[in-house]
Amino acid sequence: MNGKGPEDARDPAAPPALEWKFAQVFGERTAGEEVQEVDIISAIEFDKSGDHLATGDRGGRVVLFERTDVRAHGCRRDLERLDYPVSRHPEFRYQTEFQSHEPEFDYLKSLEIEEKINKIRWCQTANSALFLLSTNDKTIKFWKVQEKKVKRISEMNLDPSQAGGNDSSASSSTAGPRACLPNGGCSYNYMCNDFSFPPGGFPSLRLPVVVAGQETSLVAKCRRIYAHAHDYHINSISNNSDGETFISADDLRINLWNLEISNQSFNIVDVKPANMEDLTEVITSAEFHPTHCNTLAYSSSKGSIRLLDLRQSALCDNHSQLFEEHEASSSRSFFTEIIASISDIKFGKDGRHILSRDYMTLKLWDINMDSRPVATFQVHEYLRPKLCDLYENDSIFDKFECCLSGDGLRVATGSYSNLFRVFGCVAGSTEAMTLEASKNPMRRQVQSPARTARSLSSLTRVVRRGAESPGIDANGNSYDFTTKLLHLAWHPTENSIACAAANSLYMYYA
């Protein structure tokens, strides 16, 4: 850096910091309202187009939202290019919801299986139908959501007024047992004591007919169930770019599935030792490369990321690349391995970068340089003196997710007190925003200066930034470790973020 400070190091090409604004909230809580456990959101995912958003909750439900602000006019970016007036922010509306998983009981192991949705992944659309995968701890399901015309059943028989034409008493007696059905049809209780046939009986009998009306409704149908393939809890599912296969990962194994075959999977990674006492690390997250169907990556509880090539062998015992950063022995403590565990990894859209989240930091890796991350971002460094307390109440094991912007210029992750952080990750950027999941996201925002750790080149500059004042926010408020923002997703083409605070879904744009 030639002795220059962080401000002098700013690259003139680095984009300016974004100003984030509140867009929408679904399921907002009123003051003092108690949140039901089953309503807490546990998964968020945009589809590839960004026109649909799915959330899963601890009650096993999947809720779908669809974008409405550009649906009638085309892509927002195309409209901006044509100077077409667009709405002030991306707008979504509730579309439908369905029960994806139910609570189960494993009688062989005497274990309850929660209905909580761990992950949701969108699949390729076809014939205007939406397809997605959802999983709980043990079972993966493949769903098809499609608009269908509402069908109604016509009346069961001839209208009583016509049948008893010249006999008013018969007409009135048949009208009594006639009841409307929820589906729009009618039924007659012929066993009712008040019912009597008209003289001569009914001249004709009309059988029930199913009629398709003009109304439509979204119907979710489970196409396939992928079960009995994992002995441990599923922590990840990821679609392959070939559109035909996907992987599922638990603590010790990764399986490869074909979407069309539910009764067979291939075990491609197995880290289970012959003696479980020799177990030193577990798989924490796994994801396919966005464009190379033969490449996938998985992270471990030791803070390492392994890149695999499915062309090398059927069982990927050996990795093609290993990404890990060793901590100096002088700074190691009892908590070093715990906070080094990676809770989530995401490939950048270009496929060249991998973003990882451990308990304290975000790290951005270049797959062409496995010796160290190209950037490290401190998420909540103020927690380091409190690690003992966080270990006692199990908060140190919280699994925060991370995400990258579609253009690869920024990364984001969650923290405590319903805060989330957005960092600029291009060389020279000093952007480090702290935002709150509320209608006023900038209320606690603090712009933190960059603190350069070491530099390699203009393309692989390694920076560490984002440290906050210990234990308090910009307004002097103490942080709340009981409220945590674990799940968030970045829109694939725009600067828009969806994040979950308990049972509320907040959306922001810049």
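Is Phe397 buried, partly exposed or exposed? At 42% relative accessibility, Phe397 counts as partly exposed, where buried means under 20% relative accessible area, exposed means over 50%, and partly exposed lies in between (1.4 Å probe, protein chains only). The model is predicted, so local features need pLDDT of at least 70 and side-chain atom pairs count only at pLDDT 80 or more, while totals for chains, interfaces and linings use all residues. Residues are numbered from 1 along each chain as its sequence is written, and side-chain values use heavy atoms, with hydrogens and water left out.

Phe397 lies in the loop between α5 (387–392) and β26 (402–404); helices (H or I, at least four residues) and strands (E, at least two) are DSSP runs numbered from the N terminus. Together with Phe334 and Tyr391, Phe397 makes a nonpolar surface patch of about 320 Å². Patches consist of residues with over 30% relative accessible area and no salt bridge, with nonpolar side chains (Val, Leu, Ile, Met, Phe, Trp, Tyr) joined within 5 Å and like charges within 9 Å. Accessible areas come from the Shrake-Rupley method with a 1.4 Å probe, and for residues only the protein chains shown count as cover.

A surface patch of positive charge is formed by Lys148, Lys151, Lys221 and Arg223. Lys and Arg count as positive and Asp and Glu as negative, whereas His and the chain ends are not counted; the place of a charge is taken as NZ of Lys, CZ of Arg, CG of Asp or CD of Glu. Strands β10 (140–153) and β13 (210–226) each supply at least two residues of the positive patch. Arg223, found in strand β13, is partly exposed with a relative accessible area of 37%.

Across the whole structure, 22 salt bridges are found, a salt bridge being a side-chain nitrogen of Lys or Arg within 4 Å of a carboxyl oxygen of Asp or Glu. In the salt bridge between Arg58 and Glu37, the closest N and O atoms are 2.4 Å apart. This pair links distant parts of the chain, 21 residues apart: Arg58 is in the loop between β3 (52–57) and β4 (61–67), and Glu37 is in the loop between β1 (21–26) and β2 (41–46). Arg58 is partly exposed at 29% relative accessibility, and Glu37 is partly exposed at 48%.

Lys119 and Glu401 also meet through their side chains in a salt bridge, at 3.3 Å from N to O. Lys119 lies in strand β8 (residues 119–122) and Glu401 in the loop between α5 and β26, so the pair ties together parts that are 282 residues apart in sequence. Lys119 is buried, with a relative accessible area of 10%, and Glu401 is buried at 8%. A further salt bridge joins Lys363 to Asp358, with the closest N and O atoms 3.9 Å apart; Lys363 and Asp358 are both buried. A network of salt bridges links Lys109, Asp231, Arg253 and Asp270.

The structure holds zero disulfides, a disulfide being a pair of cysteine sulfur atoms within 2.5 Å. Cys222 is partly exposed at 27% relative accessibility, whereas Cys316 is buried at 5%. Cys499, in strand β33 (residues 496–501), is buried with a relative accessible area of 0%. The C-alpha atoms of Cys499 and Glu45 are separated by 9.9 Å, although these residues are 454 residues apart along the chain.
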